[in-house]
Amino acid sequence: MTANTGETASVPGRLSRMTVFDADPAAVRPPVLIVANRDDRCPVAPPGQPPAIARALDGASSVTVRMVAGGTAGDWPCGSLGPHGYLGIEGRVETVIAGWIGALHLEKEKGGA
């Protein structure tokens, strides 16, 4: 998380040189879900970064990357009122997250993770 915006950055930007990679992702142990929007145009959180983030989370019990697409265009590529904030596709993103949580629950019931 960048200190000045509260958003996860995977590429250093004008406002912060820190990225998610500076937060010791290898120390993360629980399952991780990464959701990214193919239509996000934020230069510090580009949609091509999730595979690199997933590789950095090599201590996590599991890492799942889910890509979504769409959203209402906003005035600022990094703002919440556009694809960066999943505006207009919130329901789809919620379904992705709920499905991932449900799958974790089923796995746990079966004696996995």
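Predicted model: local features only at pLDDT ≥ 70, side-chain atom pairs only at ≥ 80, totals over all residues.
Student: How do you know that the span of H2 is close to the expected one?

Tutor: H2 has 20 residues and reaches 29 Å from its first C-alpha to its last.

Student: What makes Ile 101 partly exposed?

Tutor: Ile 101 lies in helix H2 and has a relative accessible area of 47%. Buried means under 20% and exposed means over 50%, so Ile 101, at 47%, counts as partly exposed. The C-alpha atoms of Ile 101 and Glu 90 are separated by 16 Å, and the two residues are 11 apart along the chain.

Student: Why is Asp 24 placed in its accessibility class?

Tutor: Asp 24 has a relative accessible area of 47%. The limits are under 20% for buried and over 50% for exposed, so Asp 24 is partly exposed. Asp 24 lies in the segment before S1.

Student: Why is Val 32 called buried?

Tutor: Val 32 is in strand S1. Its relative accessible area is 15%, and buried means under 20%, so Val 32 is called buried. Leaving out residues up to four places away in sequence, Val 32 touches Leu 57, Ala 60, Ser 62, Val 63, Thr 64 and Trp 100. Trp 76 is 28 Å from Val 32, C-alpha to C-alpha, and 44 residues from it in sequence.

Student: Is Thr 64 buried or exposed, and what are its contacts?

Tutor: Thr 64 has 17% relative accessibility, and the limit for buried is under 20%, so Thr 64 counts as buried. Thr 64 is found in strand S2, residues 63-68. Neighbours within four places aside, Thr 64 is in contact with Val 32, Leu 33, Ile 34 and Trp 100.

Student: What makes a set of residues the largest nonpolar core here, and which residues are in that core?

Tutor: A core is made of buried nonpolar residues joined through side-chain atoms within 4.5 Å. The largest one has seven residues: Val 20, Val 32, Ile 34, Ile 53, Ala 54, Leu 57 and Ala 60. S1 and H1 are the elements that give two or more residues to this core. A second, separate core has five residues, among them Val 35, Val 68, Tyr 86 and Val 93. In soluble globular proteins, nonpolar side chains tend to be buried together.

Student: How many residues line the largest pocket, and which are closest to its centre?

Tutor: The largest pocket holds about 570 Å³ of space. Of its 28 lining residues, Thr 8, Ile 34, Val 35, Ile 53 and Tyr 86 are closest to the centre. The lining divides into 20 nonpolar, five polar and three charged residues.

Student: Which element gives the most to this lining?

Tutor: S1 does, with six residues. S1 (32-37), H1 (50-56) and H2 (90-109) each supply at least two residues of the lining.

Terms used. Residues numbered from 1 in each chain as written. Heavy atoms only, no water. 1 Å grid on protein atoms, 1.4 Å probe; cavity = no way out; pocket = protein on both sides within 12 Å on 5 of 7 lines; lining within 4 Å. Points joined across faces, edges and corners; volume = space filled by probe spheres on them. Helix = DSSP H or I, 4+ residues; strand = E, 2+ residues; numbered from the N terminus. Nonpolar A, V, L, I, M, F, W, Y, C, P; charged D, E, K, R; others polar. Buried < 20%, exposed > 50% of the residue type's maximum accessible area, 1.4 Å probe, protein only. Expected span 1.5 Å × (residues − 1). Contact = heavy atoms within 4.5 Å.
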